[in-house]
Amino acid sequence: MLAMHRVGSAGNTSNSSRPRKEKRLTYVLNDADDTKHCAGVNCLAVLKSLPPNGCDYLFTGSRDGTLKRWALTDNDATFSATFESHVDWVNDAVLAGNSLVSCSSDTTVKIWNCLSDGACTRTLRQHSDYVICLAAAEKNSNIVASGGLGGEVFIWDIEAALLPIVKSVDATEDEISNGNTGIPMTNLRCINASNSLSVHNAQSHGYSPIAAKGHKESVYALAMNDSGTLLVSGGTEKVVRVWDPRTGAKNMKLRGHTDNIRALLLDSTGRFCLSGSSDSMIRLWDLGQQRCVHSYAVHTDSVWALASTPSFTHVYSGGRDLSLYLTDLSTRESILLCMKEHPILQMALQDDSMWVATTDSSVNKWPAEGRHPQKVFQRGGSFLAGNLSFTRARASLEGSAPVPVYQEPSFTIPGTPGIVQHEILNDRRHVLTKDTAGLVKLWEITRGVVTENYGKVSFEKKKEELFEMVSVPAWFTMDTRLGSLSVHLDTPQCFSAEMYAVDLNILGAPEDLKINIGQETLRGLLAHWLAKRRQRSGSQVSSNGDVPLGKDVSVRNLSYSRVEVDDGAENPTAIVLPSFEFSTSSSPSIITEGSHGGPWRKKITDLDGTEDEKDLPWWCIDCVLNSRLPPRENTKCSFYLQPCEGSNVQIHTQGKLSAPRILRIHKVSGNYVIEKMVLDKPIDGGSSDGSFGLGLSSGLSQHSSTVDGSLRAGIKPRQKLKPSVEILCNNQVLSPEMSLATVRAYIWKKPEDLVLNYRVVQAR
């Protein structure tokens with residue numbers, strides 16, 4: 001199962017392969033409908049209706065990092081809420097009274113009010129590695145057990161874990177929600193008289209779970225009896241361990257499986273246990289006799305999911321062989337209910353139907369006759385389960401594969417196809433993706449939108465077609481682990497790329513005004529946060545509380561807000577440029593962490609303005625509020641400018657020149673070479689020594705001076721002068737639109753300083 005691969009998670013800095021002092025900010029892009037999952041569904045839980053409304057609910061937890069609630073009626077499932085706070089795959093979820101408890105590869109267990117609007121009421125941080133499985137006691141709704149990689153098993157008293165927090169100064173770990181807002185908060189906040197926020201450690205009231213110690217390796221499956229007096233666990237050690245969850249004491253160890261144990265069930269009394277394993281076998285254990293009483297060879301590959309009828313007389317099983325079987329535990333009669341297109345990860349019985357979760361983002365409901373399983377066998381087509389694993393494998397090889405009873409599910413909750421392939425284009429603003437449905441799309445990541453849907457075309461061909469010879473620094477990294485694009489911003493790398501404002505079609509912008517792509521992306525992501533923050537502090541940004549968008553930008557404002565640092569004061573003209581406006585209908589989520597409380601995830605439109613450096617990385621706040629950027633690696637490019645061999649035109653330059661990496665070749669030829677060359681005649685009233693040509697209008701400077709002068713007012717755009725000049729590199733004539741960085745990367749291709757040559761061409 002994919003969940004077991006060690007991968008550094010999207011927001012989980014602890015799994016990173018390199019030490020990172022500064023916290024990362026990740027944003028996760030949503031395509032259109034975020035009421036649907038966009039990655040495999042790992043877990044399911046059904047909440048039976050309570051009068052008067054009489055509506056059952058289904059909870060689904062996905063590899064996209066979210067849980068969703070669906071209101072169920074006879075033949076429908078209506079989206080009802082998203083539970084968003086985990087920063088990596090959701091691996092399991094159980095219901096405990098009115099609480100939904102979930103666990104994740106982000107190493108946390110989270111408690112939610114299951115009928116709320118998606119508020120996370122507590123985050124429990126005890127595990128040191130991925131948390132894979134949970135178990136709840138049906139009749140003792142306080143008790144939940146969690147297990148994961150590293151052999152850790154903890155038993156939680158949910159009520160005790162939710163007790164009010166004692167105030168503490170040494171805030172370090174845990175989180176609790178701010179109950180007034182209904183929005184998942186990352187930490188408990190106490191608002192004192194000055195309205196500043198302080199974070200308190202939610203574990204400081206002394207609650208810690210019971211540890212069941214004994215597993216030497218990873219735990220993949222847990223089950224508990226109804227009263228919460230018996231817990232069973234299994235994993236890579238191939239044994240079923242039995243515990244007393246009240247004390248964490250070991251009761252017994254059951255051997256028999258020859259591979260990882262992937263699924264466990266206990267009957268309500270705790271006498272019988274069912275186990276499913278990667279050895280393709282299902283085993284029935286009598287815990288009173290401490291032995292295996294039956295083994296069932298039904299599957300041809302790993303068994304990953306088990307569910308039983310309420311009376312524990314029949315078992316439903318599914319797994320890697322895409323098949324869902326129903327087996328009578330006493331007569332050993334087995335029947336194939338359905339075949340899926342994807343491996344089965346979990347199942348949940350709802351009356352006479354079975355909800356089935358797979359590695360696909362959709363969830364299917366199949367007829368299952370949960371209350372009268374004998375009805376299924378009356379249709380014929382059953383076989384007797386063997387008791388040796390090779391019996392089924394041999395039968396399938398001989399072509400006697402059973403025919404499924406049901407061909408189509410009775411209902412499907414559709415998901416969105418997850419992204420499985422991506423390529424960052426050379427402009428570092430567009431990304432080409434391919435999803436599980438084979439659709440190839442082009443994203444503009446600085447706005448978080450799909451700009452082109454090419455349909456089912458060759459990804460490789462489209463990639464070649466979109467190739468551009470441009471060189472832009474890698475200002476972000478990216479992965480598709482959550483089924484969507486996760487864009488990671490780390491300081492100072494995310495501030496390494498610049499563009500000219502004119503290339504972003506900003507009307508009236510000075511020709512040489514430079515825009516920092518990372519800074520503008522952060523402004524766009526945190527625009528809602530900033531508006532809410534200003535509303536709270538009373539300085540309304542505009543009458544409706546929105547941040548003014550770039551359509552109203554005057555050039556004076558633009559250059560002011562981009563260039564001058566306002567001595568730490570909040571900049572009154574913070575403007576989101578059109579190229580960096582993120583959608584509010586399908587807004588991205590951010591995954592990040594501040595100085596306290598660990599990583600969290602939230603939609604950018606759900607930020608309420610109270611988040612500060614305890615929640616957000618300080619470098620992000622400093623960039624958005626104060627326009628301050630960290631010191632960056634050299635954004636200049638050094639080069640020599642020499643006449644072509646045999647050229648009779650010489651210009652006087654003082655050795656090495658330096659200019660911004662994004663400077664275009666037409667600036668070098670038009671503004672510098674020609675100005676210096678035309679008999680050193682001053683242009684536009686510059687001084688006669690030709691120093692005017694040194695970078696005021698061109699952004700070009702000699703090494704002795706680092707002034708790039710690109711923001712001085714009153715410079716006229718370059719004039720079309722004759723004679724005309726060509727710039728060459730490695731004997732190749734350069735396109736006037738190429739930047740110095742592009743020439744260096746694609747034409748020069750050497751570590752030494754770039755050498756450019758110029759020659760006069762006949763006036764046309």
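Is W112 buried or exposed? W112 counts as buried, at 0% relative accessibility; buried means under 20% relative accessible area and exposed over 50%, with partly exposed in between (1.4 Å probe, protein chains only).

The model is predicted, so local features need pLDDT of at least 70 and side-chain atom pairs count only at pLDDT 80 or more, while totals for chains, interfaces and linings use all residues. Residues are numbered from 1 along each chain as its sequence is written, and side-chain values use heavy atoms, without hydrogens and water.

Rings of Phe, Tyr and Trp (its six-membered ring) pair if their centres lie within 6.5 Å; planes under 30 degrees apart are stacked, over 60 edge-to-face, and the rest tilted. The count by this rule is eleven aromatic pairs. F83 and W112 form an edge-to-face pair, because their centres are 5.5 Å apart and their planes stand at 80°. This pair links distant parts of the chain, 29 residues apart. F83 belongs to strand β5 (residues 76–84) and W112 to strand β8 (residues 109–113); strands (E, at least two residues) are DSSP runs numbered from the N terminus. F83 is also buried, at 0% relative accessible area.

Strand β30 (residues 353–358) holds W355, and strand β33 (residues 411–413) holds F411, 56 residues away. W355 is buried at 1%. F411 is buried at 17%.

Charges also sit over rings (NZ of Lys or CZ of Arg within 6 Å of the ring centre and within 35 degrees of the ring normal). The charged end of R69 lies over Y57, 5.6 Å from the ring centre. K602 sits over the face of W600, at 5.8 Å.

Conventions. Helix = DSSP H or I, 4+ residues; strand = E, 2+ residues; numbered from the N terminus.
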